[in-house]
Structure formats: structure tokens, C-alpha cells
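Reader: Hey, I'm new to this one. Can you walk me through it?

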Amino acid sequence: YTTSDRYPYSEPREGVGNYIRNSVKTVVDAYNGSVDFYIADSDDPVVKAYSEGFPGLFKPLTAMPEALRAHVRYPRDLFKIQAQMYATYHMRDPQVFYNKEDLLSIPVRQVSAAANSAGEAGSGTLKRSISQEVEMEPYYTIMRLPGEEKEEFVLLLPFTPNKRDNMRAWLAARSDGSHYGKLIALNFPKAKLVYGPKQVDARIDQDAYISQQLSLWGQRGSQVIRG
């Protein structure tokens, strides 16, 4: 990444600053330790300055070997920052923005985690499973985006309306070919109920057989990871 804390009129993020661009892909040869730098965002003024300061150090992304280029993925941590910003700044109407009328939230999910507890006398420490709510992480998946003819590799994160559980929208980052680095957002109609991740989890838990299996798999220090 290229970052800065001096970009005007931009909201800062802790540990990052208020400017971040996915500008360079760095490849380290595991056999000889050589390092190659490929420019993924030629419009970034910071990497342009570095390129002029160190001629020949940076190569265009098209110069990356195709065997490597086919596996370049959109970065998850950058996408998380963009999703957090989009949740607020997708509102274009000043009055709606001021009143936070259409504020989005990143969904939370119930996850199980192992915790230590004291057992009976002489039996030592036992592992027990506890449930807690955590913010959903973006995930990579293969899907056909609206308007496209074939499936592609994307990084996806859904949104829910503020303080509610139904799904309101999702944001996807593309990685394939010339689409690399492009974001696409899909908004669901407000009048239509689309189940969010937490509601889908609840429907799964209502299935007696699946619920029984989840309880079985989550015993004695094991952890069930959904999705």
C-alpha cells in the first residue's frame, strides 16, 4: 500500500492515516530472495513519485508473469476499510447523510469459542464452548455478478440496515483480469425482506438434525466455524 496522513478533507483510520491505495504488488523469489515491484495503480501520485525517484525499480503489472498474475487477489484488510467507509458515505443526499437515515452496518454473527473451566476434583481443566457475537469478515468466493456472463473470483461483504438483521446490500471487490481492483455494490429493495447472515444462522439452528450435529462437533475443545 501507499499511505498518507495528509490528504485534505478525508476521514482518518487509526494506524493507517486518511489516504491508502492498493498501488504495488511485491513478489519475493523464494529461491534467491530477489524482489520485484509491480505497479497495480498507475494513477496513484505517491507511487508515481517513487517511480521517478527510483527509475527502473517499479514495473507495470502487465510485466508480471502470467502464472503469478492469475493468482493476484484483492486485499482483505483494504477492503474492510473501504466497506466501513461505504457504510456511511454511500448516502448521497445531504439531508439523508446528516440524519443517518440509511446508515449501513457490517453484520455480526454468533461464533463458538473454547474456554477453560475447572472440572471435578482431580480431573484438571475442562474445555467448554461459549458463544459470542463478532463482526463478519469479508470472504473470497466465486460467483457470477449481476450483468456478467460467467463466474469470477470476488471478495464479498454483506450489509444490514443499522441495528437490524435483514440484508440491505453487499459490496464486492473484483480480482479477475482487467476487472482487478473494481468495486461493485448491490442494493436490495427496502420493501423486500432478504435474510441477513444472522437470520440464516437462526434458520439453520431451527433444523433439529443440524443443531444436534453442531452441538456434537462443538464439544471438548472443538470449534464449529460456519460458512
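Predicted model: local features only at pLDDT ≥ 70, side-chain atom pairs only at ≥ 80, totals over all residues.

Reader: Okay, and which ring does the charged end of Arg-73 sit over?

Author: That's the ring of Tyr-140, with the charged end of Arg-73 4.5 Å from its centre.

Reader: Rings, then. How many aromatic pairs does the structure hold?

Author: Seven aromatic pairs. Take Phe-37 and Phe-58: their ring centres are 5.8 Å apart and the planes meet at 55°, so this pair counts as tilted. Phe-37 belongs to strand E4 (residues 35–39) and Phe-58 to strand E5 (residues 58–60), so the pair ties together parts 21 residues apart in sequence.

Reader: Is Phe-58 buried or exposed?

Author: Phe-58 is buried, with a relative accessible area of 18%. Phe-37 has 24%, so it counts as partly exposed.

Reader: What about Tyr-74 and Phe-79, how are those rings arranged?

Author: They form an edge-to-face pair, 6.3 Å centre to centre with 90° between the planes. Both Tyr-74 and Phe-79 are buried, and together with Tyr-180 they form one aromatic cluster.

Reader: New topic: strand E11. How many of its residues are buried?

Author: Six of the six, residues 169–174, so E11 is largely enclosed by the rest of the structure.

Reader: And which way do they point?

Author: Ala-169, Leu-171 and Ala-173 point one way, while Trp-170, Ala-172 and Arg-174 point the other.

Reader: Which strands does E11 pair with?

Author: One is strand E10 (residues 152–161), antiparallel over six bridges, where Val-154 stands opposite Arg-174. Another is strand E12 (residues 183–187), also antiparallel, over five bridges. There, Leu-183 is the bridge partner of Ala-173.

Reader: Which one gives the most?

Author: H3 does, with six residues.

Reader: And what's the lining like by class?

Author: The lining of the second largest pocket has 14 nonpolar, seven polar and four charged residues.

Definitions and conventions:
Residues numbered from 1 in each chain as written. Heavy atoms only, no water. Helix = DSSP H or I, 4+ residues; strand = E, 2+ residues; numbered from the N terminus. Nonpolar A, V, L, I, M, F, W, Y, C, P; charged D, E, K, R; others polar. Phe/Tyr/Trp six-rings, centres within 6.5 Å; stacked < 30°, edge-to-face > 60°. Buried < 20%, exposed > 50% of the residue type's maximum accessible area, 1.4 Å probe, protein only. Lys NZ or Arg CZ within 6 Å of the ring centre and 35° of its normal. Pairing = 2+ DSSP bridges.
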